Amino acid sequence: MTLPQLVPMDGTALPSRRILLIDDNDDARDLMGMVLELHGHRVAMASNGAAGVEQARAFMPEVVFLDLGMPVMDGYETACALRRIPGLERTWIVALSGWGDQATLTRTQQAGFDYHLTKPADFQIIDNFLYGDWTRLRR
């Protein structure tokens with residue numbers, strides 16, 4: 001059984017993105033991965049920062065959704081490590097965390113994140129970002 005894919009009103013195909021999810025909450029990560037795959041994206045997943053960095057080297061994602069509060073290597077350290085990987089300079093790194101206070105927003109920006117979403121994230125916002133015209137986004 002194949003599920004219908006979302007298509008824009010003009011009939012052109014929506015872009016399929018390579019997305020890496022790094023989150024130590026297995027249920028949240030797996031659910032988001034399934035939804036993203038149903039929307040036509042290619043998804044890789046990791047349960048901690050160190051595994052996420054290794055996965056990023058092999059998968060070369062266009063977008064990384066990254067939890068902040070993880071054991072061993074938190075999201076801030078992971079974002080910094082991702083930014084040092086050759087070929088990932090243009091990868092969008094999005095914080096996906098339960099923390100959304102001003103101090104956390106400032107810290108994610110300093111660590112090299114491009115965006116910050118607070119859990120539970122509105123999937124319409126995620127869709128708009130993933131299907132949007134990235135040529136209009138600023139870096």
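This is a predicted model: local features need pLDDT of at least 70, side-chain atom pairs count only at pLDDT 80 or more; totals for chains, interfaces and linings use all residues.
Student: How many helices and strands does the protein chain have?
Tutor: The protein chain has five helices and five strands. Read from the N terminus, its elements follow the pattern β-α-β-α-β-α-β-α-β-α.

Student: And what is the order of the strands in the sheet?
Tutor: The five strands form an open sheet in the order S2-S1-S3-S4-S5, and the pairing is parallel. Strand S2 (42-46) and strand S5 (115-118) are the edge strands, each pairing on one side only. On average, neighbouring strands of this sheet are turned by 20° against each other, direction ignored.

Student: Let us look at S3. How many bridges join S1 to S3?
Tutor: Strand S1 (residues 18-22) and strand S3 (residues 63-66) run parallel and are joined by four bridges. Within that pairing, Leu21 has Phe65 in S3 as its bridge partner.

Student: What about S3 and S4, how many bridges are there?
Tutor: S3 and S4 also pair in the parallel sense, over four bridges. Here Leu66 has Ala95 in S4 as its bridge partner.

Student: Are the faces of S3 covered or exposed?
Tutor: Both faces of S3 are covered. Val63 and Phe65 are buried on one side, and Val64 and Leu66 are buried on the other.

Student: Which helices lie across these strands? Start with H2: where does it lie?
Tutor: Helix H2 (residues 49-59) lies across S1 and S2, and its direction is at about 170° to S1. Helix H3 (residues 75-83) lies across S1, S3 and strand S4 (92-97), running at about 165° to S3.

Student: What does Leu82 touch?
Tutor: Not counting residues up to four places away in sequence, Leu82 touches Ile22, Gly52, Val53, Ala56, Val64, Leu66, Leu88 and Ile93.

Student: Changing topic to H1: which of its residues are buried?
Tutor: The buried residues of H1 are Arg29, Met32, Gly33 and Leu36.

Student: Why are they on the same side of H1?
Tutor: They are on the same side of H1 because they cover an arc of only 105° around the axis.

Student: How far does H1 reach from its first C-alpha to its last?
Tutor: Helix H1 (residues 26-38) has 13 residues and reaches 18 Å, close to the 18 Å expected at 1.5 Å a residue.

Student: Back to Arg29. Why does it count as buried?
Tutor: Arg29 counts as buried because its relative accessibility is 10%, and the cut-off for buried is under 20%. Leaving aside neighbours within four places in sequence, Arg29 is in contact with Leu21, Asp23, Asp24, Met45, Ala46 and Ser47.

Student: One more residue: where is Leu68?
Tutor: Leu68 is in the loop between S3 and H3. Leu68 counts as buried, at 1% relative accessibility.

Student: What is Leu68 in contact with?
Tutor: Beyond its neighbours within four places in sequence, the contacts of Leu68 include Asp74, Tyr76, Leu96, Trp99, Phe113 and His116. The C-alpha atoms of Leu68 and Ile22 are separated by 9.2 Å, and the two residues are 46 residues apart along the chain.

Student: Finally, what share of the protein chain counts as buried?
Tutor: Of its 139 residues, 40% count as buried. Among contacts with a separation of 6 or more, 63% are between residues 24 or more positions apart.

Definitions and conventions:
Residues are numbered from 1 along each chain as its sequence is written. Side-chain values use heavy atoms; hydrogens and water are left out. Two strands pair if DSSP finds at least two bridges between them. Helices (H or I, at least four residues) and strands (E, at least two) are DSSP runs, numbered from the N terminus. Axes are lines fitted to C-alpha atoms, for helices over the stretch in contact, and angles run from 0 to 180 degrees between N-to-C directions. Contact means heavy atoms within 4.5 Å. The expected span of a helix is 1.5 Å times one less than its number of residues. Buried means under 20% relative accessible area, exposed over 50%, partly exposed in between (1.4 Å probe, protein chains only). The arc is that of the directions from the helix axis to the C-beta atoms.
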